[in-house]
Amino acid sequence: MANSPSSKKRARQSEKRRQLNASQRSMVRTFIKKIHSAVESGNYDNAQAAFLTAQPIIDSMVNKGIFPKNRAARIKSTLNGKVKALKA
């Protein structure tokens with residue numbers, strides 16, 4: 001348990017950031033699930049629209065430090081491949 005005032009404040013800040021980061025991660029996962037469901041339904045237009053919506057959000061998570069840069073790139077590449085496979 002935190003004892004000094006500065007460590008108590010640090011604990012409060014850490015908890016606030018943890019909750020915000022969890023919310024942001026959950027939001028991104030929801031967008032990714034929307035793309036997966038559109039791909040599974042076989043609708044290219046919906047999948048493409050969902051991907052175009054999710055792409056800048058995934059990039060913004062990198063800028064906020066939620067995702068590492070390479071993880072975001074890997075996620076986008078995988079999703080884009082699945083969406084493009086629908087068109088073929």
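**Figure 1. Charged side chains of the chain in the predicted model.**

**Figure 2. Helices and overall dimensions of the chain.** The secondary structure consists of 3 helices and 0 strands, which gives the pattern α-α-α when the chain is read along its sequence. The C-alpha trace spans about 60 × 20 × 15 Å along its principal axes, and the radius of gyration of the chain is 18 Å, whereas a compact globule of 88 residues would have a value near 12 Å.

**Figure 3. Burial and contacts within the chain.** Of the 88 residues in the chain, 25% are buried. When contacts between residues at least 6 apart in sequence are considered, 64% of them join residues that are at least 24 apart.

**Figure 4. Arg-10 in helix 1.** Arg-10 belongs to helix 1, which comprises residues 5-41. Is this residue buried, partly exposed or exposed? Arg-10 counts as partly exposed because its relative accessibility is 49%, and this class lies between the buried limit of under 20% and the exposed limit of over 50%. Thr-78 lies 68 residues from Arg-10 along the chain, and the C-alpha atoms of Arg-10 and Thr-78 are 38 Å apart.

Note on methods. Residues are numbered from 1 along each chain as its sequence is written. This is a predicted model: local features need pLDDT of at least 70, side-chain atom pairs count only at pLDDT 80 or more; totals for chains, interfaces and linings use all residues. Side-chain values use heavy atoms; hydrogens and water are left out. Helices (H or I, at least four residues) and strands (E, at least two) are DSSP runs, numbered from the N terminus. The radius of gyration is taken over C-alpha atoms; the globule rule is 2.2 Å times the number of residues to the power 0.38. Buried means under 20% relative accessible area, exposed over 50%, partly exposed in between (1.4 Å probe, protein chains only). Contact means heavy atoms within 4.5 Å. Lys and Arg count as positive and Asp and Glu as negative; His and the chain ends are not counted. The place of a charge is taken as NZ of Lys, CZ of Arg, CG of Asp or CD of Glu.
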